[in-house]
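Colleague: Please show me how to read a model like this one, one feature at a time.

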Amino acid sequence: MSLDATIALRLGLLDLDVHLDVERDELLAILGPNGAGKSTVLRALAGLMSIDSGRIAIDGAMVDEPAAGLFVPAEARPIGVVFQDYLLFKHLSVVENVAFGLRARGVGRADARRRAAEWLGRVGLSDYATSRPGALSGGQAQRVALARALATDPRLLLLDEPLAALDAGARAGVRRDLRHHLRSFDGMRVMVTHDPVDAYALADRVAVMDGGRIVQLGTIAEVTAHPRSRYVASLVGTNLAIGVVEGNTLTTDSGGRVVLVDPPPGPAFALIRPQAIALHRPTVGDVDTGSAQNRWAGTVTDVDRLGDRVRVHVDGPLRLTAEITAAALEALDLRPGDPVLAAAKATDIESYPV
Amino acid sequence: MALAVLAVTFFALPFVGLLWRMPWAAVGEVLTDDPVRTALWLSIRCSLLATALSLVLGVPLAWLLARVGFPGRGVVRALCTLSMVLPPVVGGVALFFSFGRRGLFGQYLDSWFGIRLPFTTWAVVVAQTFVAMPFLVLTVEAAIRQLDRRYEDAARTLGASRWYVFHRVTLPSIRPGLIAGAVLAWARALGEFGATITFAGNFPGTTQTMPLATYLALETNPEEALILSLVLIVVSFAVLIGLRDRWLGGAGAGAG
């Protein structure tokens, strides 16, 4: 009982090449920026587009294998899909929407309606059975879409940005509901999202995609603790330097140098938490004082206030975000364009191999 | 502004003139007249048949033009809508020399199947379909193009075959465009004159439709022509009113 997919295809500028394994009862989130190829992976899994090479097997049954000339179209795959805007059929009532898949598979009208009504009960929308989809809130529409996708008993459930269509106020509640309803489904689940909060709340594992490749795969805790891409680092709000270690110094492509304690040799990441960075005004004839071994000269590009804390973005050989107190900012009087010196102790920086 | 008013006047005046001369007292008498009722009944039957034929053939054609990218699609679309811009009488001549008894294809229809189209009621239907179907095809094609295809994708992931998707999702979604197209085609079929008289002739009871009867009456009995015109005007106007929101409103025909 698993999904085993190796997907390679070209679509316009996108050059996609990924491998995914999803176990039964597991929810894998594909996390990535727009244009990373997340939705294309989902469409390939759903059978709405064919892959150029590779193979997709659902529960051991091959559904797409170009080398063998095999392609099982969407309507013949054991899948359910919850689309981004839910795509409920506007001309059908809510219960007819949920019954659609059963009817399409030849289940009789009365039987399909009865089973659809059961599903509506499970997602708590029995009262809306005869309503039109237009009368539903975003969260309700999502539950109907989920019931519709699950009513046909799929092995693999695909969710495309299931929370993106909701406004910020409704998201937390709907996310909680979705988590609850997803638990009752024991098949494989793949969810595409660009929001790490969704992945954190719903996923067992996360595949981070960028530029058509999976750049990191692991549990959400692993991924956020040791990001392996600038994208993930910026998502979780930390600094990541990527470079090559020689001795105890990591040097980035742009010439930034980070002094580390017992770093691994060769290509490595250095994770510099914003809270570990202190900022100073550079002074004439700057004397090296203090114990911080890392001192980076740069320019302030942006200042974000988050209540008592302030995030100061610094551009230089290393792009850094430092988190300091509002009081410290006031004392330093930093504004965008000002020169600044960022400092961090080597013992505060974590390093791990690429 | 002045020119716009002139345009409105230009459209309104003929109807004013027509209504001015209308022998209102004779309306009831003429409409219950047998030949007139025969022509009206024939017109309605033929135009509805032509509409049905346009639907059966035109919807798949519209789908093909909207969805399937094949080489020469533009040429095929032009060919299938040519009869919309062609003088109808030319269409009638073309039909005559193709499906007439000695026509390129008509001779085989006759010798193989014993079917002789010209000067029959079916010839009226064929002529009307020929000029009316393009209206349906273009309207429905536009409606299909405006459709959000992701709904069809959603239906497929639910296990729906292509045919099931088409009649349970695509067709209901393009309903307004379908209705608009069918009504336009029907109105065009109802008013068809040139192709009908050329290909089907003008025989009372078999091929003499309302427009033909109207034209004929103008020479013998102008009062009757006026009344027959009134009937056609009423029908056309009713169609326009019915389509007001979908077609005249400019809201697009197919936003399902």
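This is a predicted model: local features need pLDDT of at least 70, side-chain atom pairs count only at pLDDT 80 or more; totals for chains, interfaces and linings use all residues.

Modeller: Helices here are DSSP runs of H or I with at least four residues, strands are runs of E with at least two, and both are numbered from the N terminus. Before the case itself, some housekeeping. Residues count from 1 along each chain as its sequence is written, while chains are lettered from A and ligands numbered from 1 in the order in which they are written.

Colleague: Which hand does the crossing of α2(A) and α3(A) have?

Modeller: The crossing of α2(A) and α3(A) is right-handed.

Colleague: At what angle do α2(A) and α3(A) pack, and how far apart are their axes?

Modeller: Axes are lines fitted to C-alpha atoms, for helices over the stretch in contact, and angles run from 0 to 180 degrees between N-to-C directions. Here α2(A) packs against α3 (residues 109–122) of chain A at about 120°, with the axes 8 Å apart. That makes the pair oblique, going by a scheme where angles under 35 degrees are roughly parallel, over 145 roughly antiparallel, 65 to 115 roughly perpendicular and the rest oblique.

Colleague: Which residues make the contact?

Modeller: Residues are in contact if their C-beta atoms, placed from the backbone, lie within 7 Å. On α2(A), the contact residues include A:Val94, A:Val98 and A:Leu102. Among those on α3(A) are A:Ala112, A:Ala116, A:Trp119 and A:Leu120. For classes, Ala, Val, Leu, Ile, Met, Phe, Trp, Tyr, Cys and Pro are nonpolar, Asp, Glu, Lys and Arg are charged, and the others, Gly among them, are polar. The α2(A)–α3(A) contact comes out at 10 nonpolar, no polar and 4 charged.

Colleague: How many residues does the contact take from chain A and from chain B?

Modeller: Chain A gives 17 residues and chain B gives 15. On the chain A side, β7 (79–82) and α2 (94–104) are the elements giving two or more residues. The residues on that side split into 10 nonpolar, 4 polar and 3 charged.

Colleague: Which domains does the assignment give for chain A?

Modeller: Domain bounds come from an automatic or database assignment. In chain A they are domain 1 (2–225) and domain 2 (237–353), with C-alpha centres 41 Å apart.

Colleague: Now sheets. In what order do the strands of the open sheet with β14 and β21 of chain A run?

Modeller: Strands of a sheet pair through backbone hydrogen bonds, either parallel or antiparallel. To count as a pair, two strands need at least two DSSP bridges between them. This sheet has 5 strands in the order β14-β13-β12-β15-β21 (chain A), with antiparallel pairing. β14 (257–259) and β21 (350–353) of chain A sit at the edges with a single partner strand each, so one side of each lacks a neighbour in the sheet. Neighbouring strands are turned by 35° against each other on average, direction ignored. Inside it, β12 (residues 239–246) and β13 (residues 249–252) of chain A pair over 4 bridges, and A:Gly243 has A:Thr252 in β13(A) as its bridge partner.

Colleague: And the open sheet that holds β16 of chain A: what is its order?

Modeller: It runs β16-β20-β17-β18-β19 (chain A), again with antiparallel pairing. The edge strands are β16 (278–280) and β19 (320–325) of chain A, and the twist averages 45° from one strand to the next. β18 (residues 309–315) of chain A joins β19(A) by 6 bridges, with A:Arg309 opposite A:Thr325. A hairpin of 4 residues links β18(A) to β19(A).

Technical notes
Two residues are in contact if their C-beta atoms, placed from the backbone, lie within 7 Å. A crossing is left-handed if the near helix is turned anticlockwise from the far one by less than a right angle, and right-handed if clockwise.
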